[in-house]
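This briefing goes with the sequence and coordinates shown below.

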Amino acid sequence: MSERYQEFQSLLKGNAEAVEALLATLLSGSVSADEIARPERLLAAMRHGVLNGGKRLRPFLVIESAALFPGVERTAALRVGAALECIHCYSLVHDDLPAMDDDDLRRGQPTVHIAFDEAAAILAGDSLLTLAFDIVAAPETRLPDATKTALVLALARAAGIGGMAGGQALDLAAETDAPDEAGIVTLQKMKTGALLRFACEAGAIVAGASAGDRQTLRRYGETVGLAFQIADDLLDLTADAATMGKATGKDADRGKATLVARRGQAWAENRLRELVAEAEALLAPFSHRAGILIETAHFIANRRN
C-alpha cells in the first residue's frame, strides 16, 4: 500500500467524519432563525436518509479541490460539501421510492419509505433539497456574497432539469425506450456526472480561483464522473448485494441500456484506465498538490462498493 494511498484513505475517513458531524448538527432539533418548527417525524426521516454512513465522496471532492489553493477556509468548503451531500441524499431517498427505482435497501439499511412511509420520504427529500441552499446562503458559510451566488447557481444547474433530476427522468424513460450510446452518455453525464462535476468545480469557486483553474477542475469532475458511472454499472453487473449495501443486477433485470452492457466488462476496465490517465493529465499543472485528487480518481475507478 503506497504512502499516498494511505494518506488518501486517512483524509477520506477524516472528512467523512467531519461531514457526518456537521450534518448531524444541521439536522438537529434546534430551530433556525425564521423557522417555525421542525416536525419530529419528518426530521427523523431526514436523518435516516442522511446519517447512515457512506464515503461522503462528493463533499470530499469539494474539500480537496478547494485545498489545491492556498488560504482557503476549510470550514466554508466543508459546509458547501455538506450542502451537496444533502442534495445527493435527497436524490437517493426519492430514487428509492416505488415510483422510481423501488428499492428496499440503501447502505445496508431499510430505505426511508420502508422505515417510515412514502409521504415521509417525499417530504424528507424535499426538505433536504431546500436545506442544501439554506446551508450555502447562511451567514455561517463565511464566503463573499458573489461566491455564494455562483455556488447556488452552479448547484441548481447541476441538480435540476438540465442535470441530475433531468438525468433521472431520462433513466426512467430508458426502461422502455432504449437510448443509443450518445443518449446513454448524456443520461449518465446528467444523472451521475453533474453533481460530481459540481463537487470539483465548487472547490475552485470557494477558493476564488481563476476561470482557467475552475474550468480545469470542472473537466476533472466530468472525467471522474464518467469513471464513477462506468464503475457503478460494472459493480451492478459483478458485485453482490451484501458488498454493495443495496440490490444489484437491477439494470439487467429491467433491460436498461448501459455502456457496460453494450460494450462488455473488458471494455469497461480499459475505459476506466483511460479515464484515470485523463484525470492525471488534467491535474498536471497543479503538480504535487494534486496527489490526493489523482488518488481519488484511482479510487473511483477501482472501487468495490
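In this predicted model, residues 24 or more positions apart account for 72% of the contacts in the protein chain that have a separation of 6 or more. The secondary structure of the protein chain consists of 15 helices and two strands, and buried residues make up 50% of its 305 residues.

**Overall dimensions**

- The C-alpha trace of the protein chain, taken along its principal axes, spans about 55 × 50 × 35 Å.

**Surface and charge**

- The protein chain has an accessible surface of about 13,600 Å², and carbon and sulfur atoms contribute 54% of that area.
- Among the side chains of the protein chain, 32 are positive and 41 are negative, while the centres of these two sets lie 4 Å apart.

**Cysteines**

- A disulfide is a covalent bond that joins the sulfur atoms of two cysteines, and a search of the whole structure finds zero of them.
- For C86, the closest cysteine sulfur belongs to C89 and lies 6.9 Å away, which is too far for a bond, given that a disulfide requires the two sulfur atoms to be within 2.5 Å.
- C89 is likewise in no disulfide, its nearest cysteine sulfur being that of C86 at 6.9 Å.
- C86 has a relative accessible area of 0% and is therefore buried, and C89, also at 0% relative accessibility, counts as buried too.

**Positive phi angles in loops**

- Most residues other than glycine have a negative phi, which is the background for the two positions described next.
- D102, a residue other than glycine, has a positive phi near 55°; D102 lies in the loop between α4 (74-95) and β1 (105-106), where its relative accessible area of 40% makes it partly exposed.

Note on methods:
Residues are numbered from 1 along each chain as its sequence is written. This is a predicted model: local features need pLDDT of at least 70, side-chain atom pairs count only at pLDDT 80 or more; totals for chains, interfaces and linings use all residues. Side-chain values use heavy atoms; hydrogens and water are left out. Helices (H or I, at least four residues) and strands (E, at least two) are DSSP runs, numbered from the N terminus. Buried means under 20% relative accessible area, exposed over 50%, partly exposed in between (1.4 Å probe, protein chains only). Contact means heavy atoms within 4.5 Å. Accessible areas come from the Shrake-Rupley method with a 1.4 Å probe; for residues, only the protein chains shown count as cover. Lys and Arg count as positive and Asp and Glu as negative; His and the chain ends are not counted. The place of a charge is taken as NZ of Lys, CZ of Arg, CG of Asp or CD of Glu.
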